[in-house]
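Please keep the sequence and the structure in view while reading.

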Amino acid sequence: MRALAVVIVFLAHSLVASVPIALQTAPPDPTATATCDFEDGREITIQYNNSVMSSKDEPHNGKVWLPNGSPLTLFTQVPLQLNHLDIPIAAYSMYVVPNKKEWTLIVSKNVTSPKIYDEKQDLVRAPMDLGEVNSPPKQLQVSFAHVAPKQCSVRLYYEKTGAFVDFFEK
């Protein structure tokens, strides 16, 4: 009986001692989230990988860009309009096509295999306004600006470029 008690104490001590080690060695979650709340309380959210990118993940002019090998993911609780086209309530993959003078945001219906871009799955393409950033980030940063009761501007920042486009609540 005494031996059983010693074994139980030893096992419990081993389990408790291993928990902090496991927590310390777990890699940080690279997923970041940007959210915009409309006046009625419904929201749109974008999730993306904001790890520091390697040279193979950098954008190339005229080609669909997958930051860190993954598209951005759009979740909407409200019907939207982007570039005068309707986006129903759902989840979508989002891609960006950078160019020197203009970037294009693509909202795609394909969420089952989002790492493979399929132009046939495009729901909306929208030109983005460009600006220059004073303090360039080392990785992709996504944010929203709530610019009117039914208008959220998504902002993508990468290196010295800021790209912007507006979503409208329908």
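## Overall fold

Read from the N terminus, the elements of the chain follow the order α-β-β-β-β-β-β-β-β-β-β-β. The model is a predicted one. Its secondary structure amounts to one helix and eleven strands. The chain has 170 residues, and 34% of them count as buried. Among contacts with a separation of 6 or more, 51% are made by residues 24 or more positions apart. The accessible surface of the chain is about 10,300 Å², and carbon and sulfur atoms supply 56% of that surface.

## The disulfide

How many disulfides does the chain contain? The count is one disulfide. The partners are Cys-36 and Cys-152, with sulfur atoms 1.9 Å apart. Cys-36 belongs to strand 1 (residues 31-37) and Cys-152 to strand 10 (residues 151-158), so the bond ties together parts that are 116 residues apart in sequence. Because the torsion about the S-S bond of Cys-36 and Cys-152 is about -75°, the disulfide is left-handed. Are the two cysteines buried or exposed? Buried means under 20% relative accessible area, and the table gives the value for each residue.

| Residue | Relative accessibility | Class |
|---|---|---|
| Cys-36 | 3% | buried |
| Cys-152 | 0% | buried |

## The largest pocket

The largest pocket has a volume of about 230 Å³. Its lining consists of 13 residues, and those nearest the centre are Pro-59, Asn-61, Trp-103, Glu-159 and Thr-161. Sorted by class, the lining of this pocket holds five nonpolar, four polar and four charged residues.

Methods: Residues numbered from 1 in each chain as written. Predicted model: local features only at pLDDT ≥ 70, side-chain atom pairs only at ≥ 80, totals over all residues. Heavy atoms only, no water. 1 Å grid on protein atoms, 1.4 Å probe; cavity = no way out; pocket = protein on both sides within 12 Å on 5 of 7 lines; lining within 4 Å. Points joined across faces, edges and corners; volume = space filled by probe spheres on them. Nonpolar A, V, L, I, M, F, W, Y, C, P; charged D, E, K, R; others polar. Disulfide = S-S within 2.5 Å. Helix = DSSP H or I, 4+ residues; strand = E, 2+ residues; numbered from the N terminus. Buried < 20%, exposed > 50% of the residue type's maximum accessible area, 1.4 Å probe, protein only. Contact = heavy atoms within 4.5 Å. Areas by Shrake-Rupley, 256 points an atom, 1.4 Å probe, with all protein chains shown as cover.
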